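Open the model in your viewer and keep the selection panel at hand. The tour goes from the sheet to a helix and then to some rings.

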Amino acid sequence: MATIWKRPIDLVTVQSVNSHCAVEHLGIEFLEVGADFLRARVPVDARTRQPMGILHGGVSVVLAETLGSTGAAFAAEPGQRVVGLEVNANHLRSATTGWVTGTARPIHLGRSTQVWQIEMKDEQGRPTCISRLTMAVLADGA
């Protein structure tokens, strides 16, 4: 299978790019880089729960945006950068413990925009959230 990646990508690189920021603070871990997808997980713990004891919906969106933005950056041509335009999320099921794992795949990789779909599941494989992220593709320095 052909790869979507336009820049060298591996787990060490994507985790390093996302260190020293919200991703690291929330305990998000990258798990897998495939030919056309990225996978990461977030713990459901004191850092990520809302007052009702379930995974905060905003944390699901952070996981989605982390995966989609990282994927978009590595799928962009050298000399380009990506910035977020829009993110949406449908919360389908709550999680109270364990890990929620997200998988991001591109729906559209265009010259000026990219659209990514991120599916999140609990440890039992049940869908918790589905998100779509639209990114603008810009020339470096633009």
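**The sheet**

Begin with the open sheet: six strands, antiparallel pairing, in the order E1-E2-E4-E5-E6-E3. Strands here are DSSP runs of E with at least two residues, helices are runs of H or I with at least four, and both are numbered from the N terminus. Two strands pair if DSSP finds at least two bridges between them. This is a predicted model: local features need pLDDT of at least 70, side-chain atom pairs count only at pLDDT 80 or more, and totals for chains, interfaces and linings use all residues. Residues are numbered from 1 along each chain as its sequence is written, and side-chain values use heavy atoms, with hydrogens and water left out.

Pick asparagine 88: its bridge partner in E6 is arginine 132.

**Helix H3**

Select residues 57-75, helix H3. Its buried residues (under 20% relative accessible area, 1.4 Å probe, protein chains only) include Val59, Leu63, Leu67 and Phe74.

**The rings**

Show tryptophan 5 and tryptophan 116. Their ring centres are 6.3 Å apart and the planes are at 20°, so the pair is stacked (six-membered ring of Trp, centres within 6.5 Å, planes under 30 degrees apart). Tryptophan 5 is buried at 11% relative accessibility, and tryptophan 116 is buried at 0%.

Notes:
Rings of Phe, Tyr and Trp (its six-membered ring) pair if their centres lie within 6.5 Å; planes under 30 degrees apart count as stacked, over 60 as edge-to-face and the rest as tilted. Buried means under 20% relative accessible area, exposed over 50%, partly exposed in between (1.4 Å probe, protein chains only). The expected span of a helix is 1.5 Å times one less than its number of residues.
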